[in-house]
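Subject: Structure for your review

Dear colleague,

Please find below the structure that I am handing over to you. My findings follow it, and I would be grateful if you read them with the structure open.

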Amino acid sequence: MSTAPPPGTAYRVRHTSRYAYAETVSLSMHQVRLTPRAGAAQAVRDTRLVIDPPASGSVTREDYFGNVTTTFTIQDAHRHLRVTAESLVSVSAPAHAGLDSPPLTDALARLRGRGPGDAAAVEYQVESPLAPRGSLYARYAAPALDPDRPLLEGVDALMRTIHREFAYDPVATTVSTPVADVLEGRHGVCQDFAHLMIACLRSHGVPARYVSGYLVPRPGVVGAQASHAWVSVYCPDVGWVDFDPTNNVRPAGGHITLGWGRDFEDVSPLKGVTVGGGSHSVAVEVLVTPA
Amino acid sequence: MTPPGYAPLAGHYDEMVGPDGALRPHWRTVTGALSAAGRHEIARRTQEARRLIRDNGMTFHVHREGGTRQRHWPLDLVPCVIDGAEWAQLEQAVTQRARLLNAVLGDLYGPRRLIAEGALPAEWLHANPAFLRGCDGLEPPGGRWLHLYAADLVRAPDGSWWVLGDRTEAPDGLGFALENRIVVNGVLPDLLVTAKARRLAATFEARKLSLAANAPGHRENPRIVVLTPGPTAENYFEHAFLARYMGYTLVEGTDLTVRNYRVYIKTLGGLEPVDLILRSQPSEACDPLEFGGGSVSGVPGLVEAVRRGTVAVANPLGSGVAQSPALMAFLPALCRRLLDAELKLPSVATWWCGDEAAREHVLDRLDELVVKPAYPRVRRERTFGRRLPEGQRDRLADRIARQPHRYVAQEQVALSTTPVRAAGGFSPRFLVIRVYALDHGDGYDVLPGGLGRVSSSTDSLDVTLSGGGSSKDVWVVGETVAPHRSLIPDSVSPIAVSRATFDLPSRIADNLYWLGRYAERAGAVVRLLRAAMPLLSEESSRRSTAALTGALSFLTDLDYVPPGAGGGDLPPARALQAALAAMLCESDRRGSLRWQVDHLRNAAWLLRDRLSADSWRIISRLQSDLRSDRSARRERGGMRRTLDQMVMILASFSGAVNEGMTRGHGWRLLDFGRRLERALQVIELLRHGLTTVAEDERARIELLLDATDSVMTYRSRYLTSLRANLLVDLLLLDDANPRGVAFQLDRLKQHVAGLPERPAPGRRSPESKLITAAVAAVELVDLDELCEVRDGGRPALAALLDRVQEDLGGLSDALTLTRDYLTHAAPVRHVAR
């Protein structure tokens, strides 16, 4: 476990996506989720989005999950697109730092009884398109998720298992590799590990969500200078606790959160539809620096 | 009197006959009339109904492994009769259910109190793929979530009605119900009147007013479109039919575009705003940007436009969440809670396996229940537990235990029976009726009728049409209810006179262009075949061995006949006859008449909502004539008759188009296609007929004159003197001959000038340049030079034909490929990172 930076450290984040199209795009529409989400352990002080060529219209609102979403349209013919998101955020370690929690069996019983505050977690307990439930995942997670063990200890053990048994391999999988193939091949990137861990937890009835964001670059961390993804788990009495299976850590000030949802599809940083354009190439650059 | 031989099944309610064996009173008129008409008369009228269905192109698609098949709509002529007093009760109950589901939808996409307070399970909602989070917080105008709601009703042995399933996404079948009525009205017109069956038309009129009132902006004459997935959709016929019946434009996703948060239709004249979209496809296929999933079939940005309130969608996006059969288990409590009333129309007993107690109950009784997916997607598989072998039932139980929330189980109902026409008279079949509630602005109208569906036998409970079932018209008779009072005020301000045809979508324009080309091409083949026929007659003065072999090689050169057709050793007359018969009868060969006509019919199918009923019937007739009676066409008399018939049918199609179509852009594009194809066909004939000098050139010239329908003109000018140069003048240079190339070029030039998007002054469009070049090439040529024979050929003629053909090819490409007229839509792509 790496040591956390001091609480309330400020960072500047710049995320640039550049698209080059083989043919002219006559019309394009994009939806981006590139604005960090404010929360208990994260304050967002300044944020802006620069679109080139300029958008003919753009609207920013909170989506169903509460993430800041901007939808914009470019109506003039274009051959390239550059989207730059810049933010100033300060992050601190979460209040609940340890693994104290009720045993898994009790936690699940609590969830079934639907205590106050637990109802919203149901959304993340059921399957979603990219993070299904299944006996395959249940079996894989069974040794870690012992019914008598405190829930968060079990989750921590599952994270360690995944980190130990899976190879980080940026070329083995693509955005659309199903999580079953990830389990089979024992390799992938942060997105794959997050989906796998979520599938394992949901298959045991534990609510888990997908978190999109960035890593503060430090020696030894995997996945900085790019979009990152990790997992958040709901535990009755405690609330949501983050786990990063790619780096085998519980985020504590070194992770900057953009937003969360059921899986990648809900929080995709940038997606769009173009009319025309032919084939395209894309380059993404993420820069996180101390402010 | 009960028809003799009609035996209801024990343990089932029969719609026509009571438990005492007596005819139910409300059936008296219908049963009496049909019995009196007699078996043969009913059979005759059934045939008549089939012909109407075929002529109207009333079909549905069956998607099976290995492809999609188009089938004619099955309709049993015996109506299903419902008593008016009983219907009045049903109307109220269906209306209540529509209001209830409307309220449920409003909550699910709004405050979600039902979830927070536990009236509906959170798991059910959150695992429901039809719950579209992108639609959260959307409030449709007037809070109306269901403009159209449908319920599948069944009747239990005690006579009570139950709901088997709800349809809230984009309920289908309404168009078929209406078309069934139109067909039955066509063959049993008097009976419909004497039985006092309630009419359907008024409900549709009310719906039109209601939809217009719901369009944002409250324009006097809002633009409403029907959004269809396209011609391969299961119910495309219905989409096209309803669009035409209601007077709306039928569009596919690619016909629409969103600019500045407003939806526009891409028309030949430019972009025109759309006010309301009547949706015939699932919500998640409507906006690839918002709902993703790799679909590009929808309208990117539609959700944002809806959110801005610039366009309305009916039913609103996301409405499909309420058609999960799992919801039926909770409706009685929801009804008390939301409407403060008891549910009037109960559901067939339903258990959602996501609930633990319900699941145990289901697993205990798996052998008696019907299992269905809780979240039906496109297909709705059902599993009858009773019919499963032990092993499979265990596997089903296993699947349920693993993913319980994905399943519901329903009590198996002993369906009621209703009579269908059968060999000996009438025979009972199981019945399910789909009824429709249509929003009228301040509540719901229930269509006084519906879509009846019956099983293929009493051994099967399957009433689906793809499973072999049939459909029925539903008649509500007897007691009439107070006429509907519409709360929508009558329009006061007059609608401005418009002569424009601006709502012609570019895709439709493209289809019209190709329809014109296919119609002309089919005509050219028919005329050529017919021109060759006289050669087969022993009495013909034109017949010579050289003429016969010349004609055969001519057809081969034109690629109508495969090389070596008819066998090398056959005498030339037999070989030619075999080749002509093959062109008439073969279906798979490219270029055969059947192939041409199939293409023509497919092009017309894409334009179902644009062609007049007459035009469509003419084309249907063309295809069915060619498909029937194949053996007769092997011999000469039959061939001749068929060809004469087809020439007449094609001429009547031209007539229907020329006399019936407004001279707008649609007609222009269709005529553009015709003219261009006709010019190309004549060029081909001249190239293969005259650019090399044939052994028997006189016979060749006669053939060309016949094939171009120019015999009369030629004779009137030159009597019987057959000269190649005179023919070239008539077919290529003479701009007064409506069959000649010069005439077509002249028309094309006018059409190009009339295209809507004109270039800036001083600049010429590519189309204009190409047609001007072709016209000049033909005008500037000298006939004698053109027809000069060198080395057994006419090289100058060949060069000119090549040149004009190339210009026309370029013109076609310029129109359909490179310019904006017909292709506003470049391919839509997803990008993500």
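In which loop of chain A is the place of A:P53? A:P53 sits in the loop between β2 (42–52) and β3 of chain A. Please note that the model is predicted. A:P53 is joined to A:D52 by a cis peptide bond, with omega about 0°. Chain B also has a cis peptide bond, from B:A314 to B:N315, where omega is near -10°. B:N315 belongs to the loop between β12 (312–314) and α12 (331–339) of chain B.

Two residues of chain B deserve a note on their backbone angles. B:D340 is not a glycine, yet its phi is positive, about 55°. This residue is located in the loop between α12 and β13 (350–352) of chain B. With 7 other C-beta atoms within 10 Å, B:D340 is exposed, since 12 or fewer such atoms count as exposed. B:D709, also a residue other than glycine, has a positive phi near 60°, and its loop runs between α22 and α23 (711–718) of chain B. B:D709 has 16 other C-beta atoms within 10 Å and is therefore partly exposed.

Next, the contact between the chains. Here 33 residues of chain A are in contact with 27 residues of chain B. On the side of chain A that touches chain B, the elements that give two or more residues are β1 (9–32), β3 (57–62), β4 (68–74), β12 (270–276) and β13 (280–290) of chain A. The largest share, seven residues, is from β12(A). By class, this side of chain A has 14 nonpolar, 15 polar and four charged residues.

The largest nonpolar core holds 202 residues, of which A:M197, A:V231, A:V233 and B:V225 touch the most other members. Helix α3 (residues 84–108) of chain B gives the most to this core, namely 10 residues. Leaving aside residues up to four places away in sequence, A:M197 touches A:L158, A:M159, A:I162, A:V231 and A:P245. There is also a second, separate core of 96 residues, with B:L593, B:L626, B:V728 and B:V741 among them.

Finally, a pair of helices in chain B. Helix α16 (residues 545–557) and helix α22 (residues 697–707) of chain B pack with their axes 9 Å apart, at an angle of about 50°; they are therefore oblique to each other. The crossing of α16(B) past α22(B) is right-handed. Their contact is made by B:A547, B:G550, B:A551 and B:F554 of α16(B) together with B:A699, B:R700 and B:L703 of α22(B).

Yours sincerely

Methods: Residues numbered from 1 in each chain as written. Chains lettered and ligands numbered in written order. Predicted model: local features only at pLDDT ≥ 70, side-chain atom pairs only at ≥ 80, totals over all residues. Contact = placed C-beta atoms within 7 Å. Helix = DSSP H or I, 4+ residues; strand = E, 2+ residues; numbered from the N terminus. Nonpolar A, V, L, I, M, F, W, Y, C, P; charged D, E, K, R; others polar. Core = buried A, V, L, I, M, F, W, Y, C linked by C-beta atoms within 7 Å. Buried ≥ 20, exposed ≤ 12 C-beta atoms within 10 Å, placed from the backbone. Axes fitted to C-alpha atoms, helices over the stretch in contact; angles between N-to-C directions. Parallel < 35°, antiparallel > 145°, perpendicular 65-115°, else oblique. Left-handed = near helix turned anticlockwise from the far one by under 90°.
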